Amino acid sequence: TDTTAETNCTVIVTITRSTLWALVSQGDLFVSKDTTPVRNRQLLGGALGDAILRVQFRAQNEDIDVTDLQFTSSGTTASSVDRLELYREGDVTPFADATVGGCGSDDILAANGEGTTSVQTFCANMESRQLLVKEGENLNLIVRPRLKTDVAGGTSNQEVRFFLDHTPVSNESKGSGSVRARGLQSNNNLDANSGDSTAAGEVFIGRTSANATNVRVVGEKHISVLAKIASITNANPDANDSAVPTGLAPIGQFKFTAANNVNTLNGLNKFVLS
C-alpha cells in the first residue's frame, strides 16, 4: 500500500515600490527676473547705486556653476556707468564685476534687437566658482551700478536700464550667450534652450520651468544725475496737536538735504530747489 504525504505551503509576496531614476548627462539652469520689486532710481555720478535689476537662478539635477553673464543696456549706451557690481542677496560685498572691458572678444549685442538703437554690453567672466547655484535651490543676484563722475565722462539725465538677452545660444569658443554655465559634477557646458520644452542640460532664460522659448530678463528704467536730494524731513519745531496760531505764522517747515557728490567738473554740482 502506497502512502502519499500532503504538505501545505504558504507563499507571502511583498511588493515594494522602487525608486524611479532619471539618468541625465548634465543639469539645467533656470534664469528669471526675481519677483521682489525694484524701484526706479536716481543714480548719482561717482557713487554706487541701489539695485537696478534682480535675477533669480535655480539649478536642477546637479549644482550649476555660472561662468559668464552679459548685461546689455537698453535705450542708451549707458556710458555713465563704469561697472555693474554683482551681489548675492544678503551679501555686503560684490563677488564679481561686469565691465565693458570684461567682454574682450566675446560675441555681444550691438543693437537692442528692437530697432537701431546702439547699446553697450557689460560682461562678467567667472571661472573660479564665484556664482555657484546649488541643486534645487534658488539664488538671487542683485545688480548695482557704479557710476562715473562727470570728470570721468558721467552725464546727467541718461537712461540706465539693463537686460539679459534671450537669444538661445551658448558657445564658449565664440563667447556667445548672455548666460553660460557648466554642471559642477558633470563638468559639462550647458546647452542653449533647444526649443522642445524639455529640460535636457540647458539654460532657460526668463523661465522658471522648461519652455520652448526664452524671454528677456529686463530691469526697470533709472536715470543718471550729478546731484540729488538725500532726504526731505520735517523741520517744524511745533509738536503734533499744537494750538493753531492766530495771525500770520508758519504751519509747515521742511529740511532738504542734498547727497554728497564728487562731480567737480567746472565746479561742484549742486542740487537747486526750483
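R144 lies over the face of Y87, 5.4 Å from the ring centre, and the charged end of R88 likewise sits over the ring of F95, at 4.6 Å from its centre. For a charge to sit over a ring, NZ of Lys or CZ of Arg has to be within 6 Å of the ring centre and within 35 degrees of the ring normal. The model is a predicted one, with local features needing pLDDT of at least 70, side-chain atom pairs counting only at pLDDT 80 or more, and totals for chains, interfaces and linings using all residues. Residues are numbered from 1 along each chain as its sequence is written, and side-chain values use heavy atoms, leaving out hydrogens and water.

On to the aromatic pairs. A pair of aromatic rings is described by the distance of the centres and the angle of the planes. Searching the whole structure turns up two such pairs, where rings of Phe, Tyr and Trp (its six-membered ring) pair if their centres lie within 6.5 Å, and planes under 30 degrees apart count as stacked, over 60 as edge-to-face and the rest as tilted. F30 and F204 have ring centres 5.2 Å apart and planes at 10°, so this pair is stacked. It links distant parts of the chain, with F30 in strand β1 (residues 28–33) and F204 in strand β14 (residues 202–205), 174 residues apart. Strands (E, at least two residues) are DSSP runs, numbered from the N terminus. F30 and F204 are both buried, buried meaning under 20% relative accessible area, exposed over 50%, and partly exposed in between (1.4 Å probe, protein chains only).

With F122 and F162, the centres are 5.3 Å apart and the planes at 85°, so the pair is edge-to-face. F122 belongs to strand β7 (residues 121–125) and F162 to strand β11 (residues 162–164), so parts that are 40 residues apart in sequence get tied together. F122 is buried at a relative accessible area of 1%, and F162 is buried too, at 2%.

F122 also turns up among the contacts of L69 (heavy atoms within 4.5 Å). Not counting residues up to four places away in sequence, L69 touches F57, L86, F122, C123, A124, M126, L131, L141, S178 and V179. The largest nonpolar core has 37 residues, of which L29, F57, V66, L69 and F71 touch the most other members. Such a core is a set of buried Ala, Val, Leu, Ile, Met, Phe, Trp, Tyr and Cys residues joined through side-chain atoms within 4.5 Å.

Then there is an open sheet of three strands, in the order β2-β16-β10 and with mixed pairing. Its edge strands, β2 (42–44) and β10 (159–160), each pair on one side only. Strands pair if DSSP finds at least two bridges between them; β2 and β16 (residues 222–225) run parallel and are joined by three. L44 stands opposite V225 in β16. Q158, in the loop between β9 (138–147) and β10, counts as buried at 11% relative accessibility. Its contacts, again skipping residues up to four places away in sequence, are T76, T77, A78, S79, S80, H222, I223 and S224.

Most residues other than glycine have a negative phi. N61, not a glycine, has a positive phi of about 80°; it lies in the loop between β3 (53–60) and β4 (64–73) and is partly exposed at 38% relative accessibility. N187 also has a positive phi, near 60°. Its place is in the loop between β12 (179–183) and β13 (191–192), and at 56% relative accessibility N187 counts as exposed.

Key. Helix = DSSP H or I, 4+ residues; strand = E, 2+ residues; numbered from the N terminus.
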